[in-house]
Amino acid sequence: MSNGGAEALLSWGVPRTVEQNQWATHIPLPHLVFLRDLARSHRIGPYFFVHAGIRPGVALDKQKQADLLWIREPFLSSRKDHGAVVVHGHTPVREPVARPNRVCVDTGAVMGGKLTCAVLDGSQIGFIQA
């Protein structure tokens with residue numbers, strides 16, 4: 001709830017007084033289906049897209065959902081080749097990060113920082129900020 005959950009529920013018109021086991025009854029079915037079926041990762045070419053990161057040393061197709069959504073260390077400090085360039089957010093930074101094994105585009109827009117978009121063209125990486 002502290003990571004935007006309360007605001008998300010309010011955006012669907014779910015009052016804070018509604019019990020957790022009743023939240024889904026207030027959310028439109030197409031939204032629930034979308035969230036349920038949302039992929040936790042996506043690979044295209046040399047890039048592997050996730051929310052938070054990966055567990056270094058674990059094959060990309062064997063990653064645990066909890067790590068894809070919540071990991072910070074040892075992922076952020078890893079210099080290992082992960083088999084793809086991992087594109088992630090979850091850990092806000094002042095400026096986008098482009099390393100040989102990962103790209104971080106979370107520049108803290110939710111906290112008043114810039115909104116950052118990664119432009120990935122083959123092995124070329126650029127950023128657009130607003």
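**Before selecting anything**

The model is predicted: local features need pLDDT of at least 70, side-chain atom pairs count only at pLDDT 80 or more, and totals for chains, interfaces and linings use all residues. Residues are numbered from 1 along each chain as its sequence is written, and side-chain values use heavy atoms, with hydrogens and water left out.

**Whole chain**

Show the C-alpha trace. The C-alpha atoms fill a box of roughly 45 × 35 × 25 Å along the principal axes. Switch to cartoon: there are three helices and seven strands. Helices (H or I, at least four residues) and strands (E, at least two) are DSSP runs, numbered from the N terminus. Along the sequence the pattern reads α-α-β-β-α-β-β-β-β-β.

Of the 130 residues, 30% count as buried. Buried means under 20% relative accessible area, exposed over 50%, and partly exposed in between, with a 1.4 Å probe and protein chains only. Among contacts with a separation of 6 or more, 28% are between residues 24 or more positions apart; contact means heavy atoms within 4.5 Å.

**The five-stranded sheet**

Select β1 to β5. These five strands form an open sheet in the order β1-β2-β3-β5-β4, with mixed pairing. β1 (41-44) and β4 (97-98) are at the edges with a single partner strand each, so one side of each has no neighbour in the sheet. Two strands pair if DSSP finds at least two bridges between them.

β1 and β2 are antiparallel, joined by four bridges, and Ser 41 is opposite Val 50 in β2. The two strands make a hairpin with two residues between them, and Gly 45 in the turn has a positive phi of about 50°.

Step across to β2 (residues 47-50), which pairs with β3 in the parallel sense over three bridges.

Together, β2, α3 and β3 make a right-handed β-α-β unit. Right-handed here means that, with the strands pointing away from the viewer, the path from the first strand over the helix to the second runs clockwise.

Next, select β5 (residues 102-104), which runs parallel to β3 and is joined to it by three bridges. His 88 is opposite Cys 104 in β5.

**The largest pocket**

Select Asn 3, His 51, Trp 70, His 90 and Asp 106. Of the 24 lining residues, these are the closest to the centre of the largest pocket. Its volume is about 780 Å³. A pocket is an open set of points on a 1 Å grid over the protein atoms alone, where a 1.4 Å probe fits, with protein on both sides within 12 Å along at least five of seven lines; lining residues have an atom within 4 Å of a point. Points are joined across faces, edges and corners, and the volume is the space filled by probe spheres set on them.

Colour the lining by class: ten residues are nonpolar, ten polar and four charged. Here Ala, Val, Leu, Ile, Met, Phe, Trp, Tyr, Cys and Pro count as nonpolar, Asp, Glu, Lys and Arg as charged, and the others, Gly among them, as polar. The largest share of the lining, three residues, comes from α3.

Stay on His 90, in the loop between β3 and β4. His 90 has a positive phi of about 75° although it is not a glycine, and at 11% relative accessibility it counts as buried.

**Other loop stops**

Go to Pro 74, in the loop between α3 and β3. The peptide bond from Glu 73 to Pro 74 is cis, with omega near 10°.

Finish in the loop between β5 and β6 (116-121), which holds Leu 115. Thr 107 is also found in the loop between β5 and β6. Thr 107 is buried at 6% relative accessibility, whereas Leu 115 is exposed at 56%. Beyond four places in sequence, the contacts of Thr 107 include Val 93, Pro 96, Leu 115 and Gln 129. With the same exclusion, Leu 115 touches Thr 107, Ala 109, Ile 128, Gln 129 and Ala 130.
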